[in-house]
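Here is a short briefing on charged side-chain pairs. Look at the structure first, then read the points below.

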Amino acid sequence: METRYPFRLIEGERQGPLDDPGLLLQRPFLSVDTSFAADARRFVPGEDLEQAMNTALAVGEPLLITGEPGVGKTQAAYYMAWKLGIEPVIHFQVKSDSSALDLLYHFDTVRYFHDAQQATPGELDATKGKYIEHRALWEAMESDRPRVLLIDEIDKAPRDFPNDLLHELDKMEFKVKETGETIRADRKST
């Protein structure tokens with residue numbers, strides 16, 4: 001049985017509380033998918049943005065988009081991934097305390113030191129890799145297919161954040177200092 005949701009739940013003449021609070025669960029917008037991925041199909045990039053996207057793809061370089069809040073910078077990444085058939089987007093949300101390393105990997109120092117207390121000397125040195133969590137840029141670089149990596153709200157990051165990524169994005173590689181391993185993107189899949 002389909003119940004019609006009344007538009008006016010808060011009435012000036014109503015003396016007491018809502019008779020059926022369950023009506024709130026029938027609000028029409030609750031069933032609408034408002035995710036960036038779902039909205040990608042309805043996004044319409046302007047001619048300039050479309051040309052910038054195609055240029056970035058052609059030369060294999062990152063696309064940096066600036067603009068006022070709400071103009072569709074984030075949505076452009078989801079649109080591009082949808083159009084190219086390479087969903088899902090790897091979405092890294094920058095916060096005020098983010099560092100460039102947060103985009104690459106995380107070494108769990110606390111767990112490493114905890115395990116080191118119970119290990120024999122030299123036992124942990126060969127297994128540092130198991131204490132490393134791959135983050136967004138690493139995930140994108142090691143992917144076996146092209147990916148869209150969205151570094152969202154980079155203007156909210158500390159001043160050094162973008163500068164600390166210049167080398168990694170230019171060379172499409174970085175070094176894991178704990179293991180000495182160099183992570184490189186396969187240029188054919190980027």
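Asp155 is exposed in this predicted model, because its relative accessibility of 59% is over the 50% cut-off. Its salt-bridge partner is Lys156. A search of the whole structure finds seven salt bridges. Side chains of opposite charge can pair when their charged atoms come close.

**Asp155 and its network**
- The closest N and O atoms of Asp155 and Lys156 are 3.8 Å apart.
- Lys156 is partly exposed, at 46% relative accessibility.
- A network of salt bridges links Glu153, Asp155 and Lys156.

**Arg184 and Glu173**
- These two side chains form a salt bridge, with N to O at 3.0 Å.
- The pair links distant parts of the chain, 11 residues apart.
- Arg184 sits in strand β6 (residues 182-184), and Glu173 sits in strand β5 (residues 173-175).
- Arg184 is exposed, with a relative accessible area of 53%.
- Glu173 is partly exposed, at 24% relative accessibility.

**Glu87 and Arg41**
- A salt bridge joins the side chains of Glu87 and Arg41, at 3.7 Å from N to O.
- Glu87 is partly exposed, at 30% relative accessibility.
- Arg41 is partly exposed too, with a relative accessible area of 44%.

How values were computed. Residues numbered from 1 in each chain as written. Predicted model: local features only at pLDDT ≥ 70, side-chain atom pairs only at ≥ 80, totals over all residues. Heavy atoms only, no water. Salt bridge = Lys/Arg side-chain N within 4 Å of Asp/Glu carboxyl O. Buried < 20%, exposed > 50% of the residue type's maximum accessible area, 1.4 Å probe, protein only. Helix = DSSP H or I, 4+ residues; strand = E, 2+ residues; numbered from the N terminus.
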